[in-house]
Amino acid sequence: DKLLEDKDILLEGKEQEIERTRAEATREVRTLQEAWRIQPADLALEAFVAAGGEGRVYRGRWRRTIEVAIKLMRRDPNREEDWGFSNAEVKAMQRLRGSRLLHFYGVGDCVLLDPESVPGGGDDDAGPPALPGVRATREGEVRGVWDYVVVELMAGGSLAGLLRRKTRGAFPWRARLALLCDVAEGMAQMHAKRYIHRDLKP
């Protein structure tokens, strides 16, 4: 009986130690994640770029000087595992660095404001349609929240756009092969980190 009691005490001590270690690791991860967080107040949307099944992409500025691409993904209130830092794409982008890969700046969440609610946004004489504004989410807010990823802006646009702009005669094979080599090098850099793109398209 004494032996069993000692084993129980030892086991309980180990369980408590594991819980303490887990709590410390969770705190460390959250601290590291906060270093990647970009606040909505530091972003300005400047132009709509594209929309897809997962969200929208805008050209914008970070801290008023750095030109960036901002990918917004509408948050599903029922899929917490896909929010912010839990998102698989965000986890991959945090770990990937390479000369042929987009530079990842950070991540955040916001609520998009209708252009009419942004000062000057409802003015019909202001030219092209106004862009939505962004505001910080409030504590506990879930509905209407968008997660965003801030990455390096590819000023030349997508490869598909480049291919559409180039005519057969104006796009020499040497340039085509250089582009293909760049794409292959980027994929190799991802594979070296044990990531597979799974959605490669021009």
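**Salt bridges, aromatic pairs and a nonpolar patch**

Apart from neighbours within four places in sequence, D109 is in contact (heavy atoms within 4.5 Å) with R37, P40, R75, T137, V145, W146, D147 and Y148. The model is predicted, so that local features need pLDDT of at least 70 and side-chain atom pairs count only at pLDDT 80 or more, while totals for chains, interfaces and linings use all residues. Residues are numbered from 1 along each chain as its sequence is written, and side-chain values use heavy atoms, with hydrogens and water left out.

D109 is located in strand 4, residues 104-113; helices (H or I, at least four residues) and strands (E, at least two) are DSSP runs numbered from the N terminus. The residue is buried, at 17% relative accessibility, where buried denotes under 20% relative accessible area, exposed over 50% and partly exposed in between, with a 1.4 Å probe and protein chains only. The D109 side chain makes a polar contact with that of T137 at 2.6 Å. A polar contact is a pair of N or O atoms within 3.5 Å; within protein, one must be able to donate a hydrogen and the other to accept it, and residues adjacent in sequence count only if both atoms are side-chain atoms.

D109 also belongs to a network of salt bridges that links R37, R75, D109 and D147. A salt bridge is defined as a side-chain nitrogen of Lys or Arg within 4 Å of a carboxyl oxygen of Asp or Glu.

Across the whole structure, nine salt bridges are found. One of them joins the side chains of E46 and R59, with an N to O distance of 3.0 Å. This pair links distant parts of the chain, 13 residues apart, with E46 in strand 1 (residues 43-52) and R59 in strand 2 (residues 55-62). E46 is partly exposed at 31%, as R59 is at 28%. E46 also forms a salt bridge with R61, whose closest N and O atoms are 3.0 Å apart. Because R61 lies in strand 2 and E46 in strand 1, the pair ties together parts that are 15 residues apart in sequence. R61 is partly exposed, at 26%. A further salt bridge connects E141 and R135 at 2.9 Å, and E141 is partly exposed at 23%.

Three aromatic pairs are counted. Rings of Phe, Tyr and Trp (its six-membered ring) pair if their centres lie within 6.5 Å; planes under 30 degrees apart count as stacked, over 60 as edge-to-face and the rest as tilted. The rings of W36 and F104 have centres 5.0 Å apart and planes at 45°, and the pair is therefore tilted. W36 lies in the loop between helix 1 (2-35) and strand 1, and F104 in strand 4, so this pair ties together parts 68 residues apart in sequence. W36 is partly exposed at 23%, whereas F104 is buried at 1%. The rings of W62 and Y105 are likewise tilted, with centres 5.3 Å apart and planes at 50°. W62 in strand 2 and Y105 in strand 4 are 43 residues apart.

A nonpolar surface patch of about 370 Å² is made by W173, L177 and L180. Patches comprise residues with over 30% relative accessible area and no salt bridge, with like charges joined within 9 Å and nonpolar side chains (Val, Leu, Ile, Met, Phe, Trp, Tyr) within 5 Å. Accessible areas come from the Shrake-Rupley method with a 1.4 Å probe, and for residues only the protein chains shown count as cover. W173 is found in helix 4, residues 173-192, and is exposed at 58% relative accessibility.
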